[in-house]
Amino acid sequence: MDILNLNKMISETITPSANSIFPSPRAFHSMINYGKILILYGGEDSNKQTLNDIWKFIIASRTWIPIEQNKENQFFKANFKMGSKRSD
């Protein structure tokens, strides 16, 4: 995964450790920065199968954690758009 730090204008490639879990490769997903984490949602895999998973990436520890879904928090599958509100 490549991350662009807009404050420092540098790009960094992050490689997960051998023991870690992480999301499968995908396209057409949504990702948003929320405080000190990134939220990844959905997309499409290389076989054009729609993905409906949610992951959070903790920037400080560089750790991916899957977010469990149930019927109450089930989202749309592909081409879902996310946004965040900045609080000062």
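Q: How do you know which residue in E6 is the bridge partner of Trp55?
A: In this predicted model, the bridge partner of Trp55 in E6 is Pro66. The two strands concerned, E5 and E6, run antiparallel and share five bridges, and because pairing asks for at least two bridges between two strands, E5 and E6 count as paired.

Q: What makes E3, E4, E5 and E6 an open sheet, and in what order do the strands lie?
A: The four strands follow the order E3-E4-E5-E6 with antiparallel pairing. The edge strands are E3, residues 30–34, and E6, each of which pairs on one side only. From one strand to the next, the twist averages 25 degrees.

Q: How do you know that E3 pairs with E4, and that E4 pairs with E5?
A: Five bridges join E3 and E4 in the antiparallel sense, and seven bridges join E4 and E5, again in the antiparallel sense. The requirement is at least two bridges, so E3 and E4 qualify with five, and E4 and E5 qualify with seven. Within these pairings, Tyr34 stands opposite Ile37 in E4, while Leu38 has Phe57 in E5 as its bridge partner.

Q: Which residues take a positive phi in the hairpin of E3 and E4 and in the hairpin of E4 and E5?
A: In the hairpin of E3 and E4, with two residues between the strands, Gly35 has a positive phi near 65 degrees. In the hairpin of E4 and E5, where five residues lie between the strands, Lys48 has a positive phi near 65 degrees.

Q: Why is strand E4 described as largely enclosed by the rest of the structure?
A: Strand E4 covers residues 37–44, and six of its eight residues are buried, so the strand is largely enclosed by the rest of the structure.

Q: What makes up the largest nonpolar core?
A: The largest nonpolar core has six residues, namely Ile14, Leu38, Leu40, Trp55, Phe57 and Trp64. Strands E4 and E5 each supply at least two residues of this core. Trp55, leaving aside neighbours within four places in sequence, is in contact with several residues, including Leu38, Leu40 and Trp64. As a general background, nonpolar side chains tend to be buried together in soluble globular proteins.

Q: Why is Arg26 called buried, and where does Arg26 lie?
A: Arg26 has a relative accessible area of 16%, and buried means under 20%, so Arg26 falls in the buried class. Its place is in the loop between strand E2, residues 10–13, and E3. Not counting residues up to four places away in sequence, Arg26 touches Leu40, Gly42, Glu44, Leu51, Asp53 and Trp55. A polar atom of the Arg26 side chain also lies 3.0 Å from the backbone oxygen of Ser24.

Q: What makes the pair of Arg26 and Asp53 a salt bridge?
A: The side chains of Arg26 and Asp53 meet at 2.7 Å, N to O, and the limit for a salt bridge is 4 Å, so the pair meets the rule. Arg26 lies in the loop between E2 and E3 and Asp53 in strand E5, so the pair ties together parts that are 27 residues apart in sequence. Asp53, at 22% relative accessibility, counts as partly exposed.

Q: How do you know that Arg62 forms a salt bridge with Glu12?
A: The closest N and O atoms of Arg62 and Glu12 are 2.8 Å apart, and because the limit is 4 Å, the pair is counted as a salt bridge. Arg62 lies in the loop between E5 and E6 and Glu12 in strand E2, so the pair ties together parts that are 50 residues apart in sequence. A search of the whole structure finds two salt bridges.

Note on methods: Residues numbered from 1 in each chain as written. Predicted model: local features only at pLDDT ≥ 70, side-chain atom pairs only at ≥ 80, totals over all residues. Heavy atoms only, no water. Axes fitted to C-alpha atoms, helices over the stretch in contact; angles between N-to-C directions. Buried < 20%, exposed > 50% of the residue type's maximum accessible area, 1.4 Å probe, protein only. Polar contact = N/O pair within 3.5 Å; in protein donor to acceptor, adjacent residues only side chain to side chain. Contact = heavy atoms within 4.5 Å. Core = buried A, V, L, I, M, F, W, Y, C linked by side-chain atoms within 4.5 Å.
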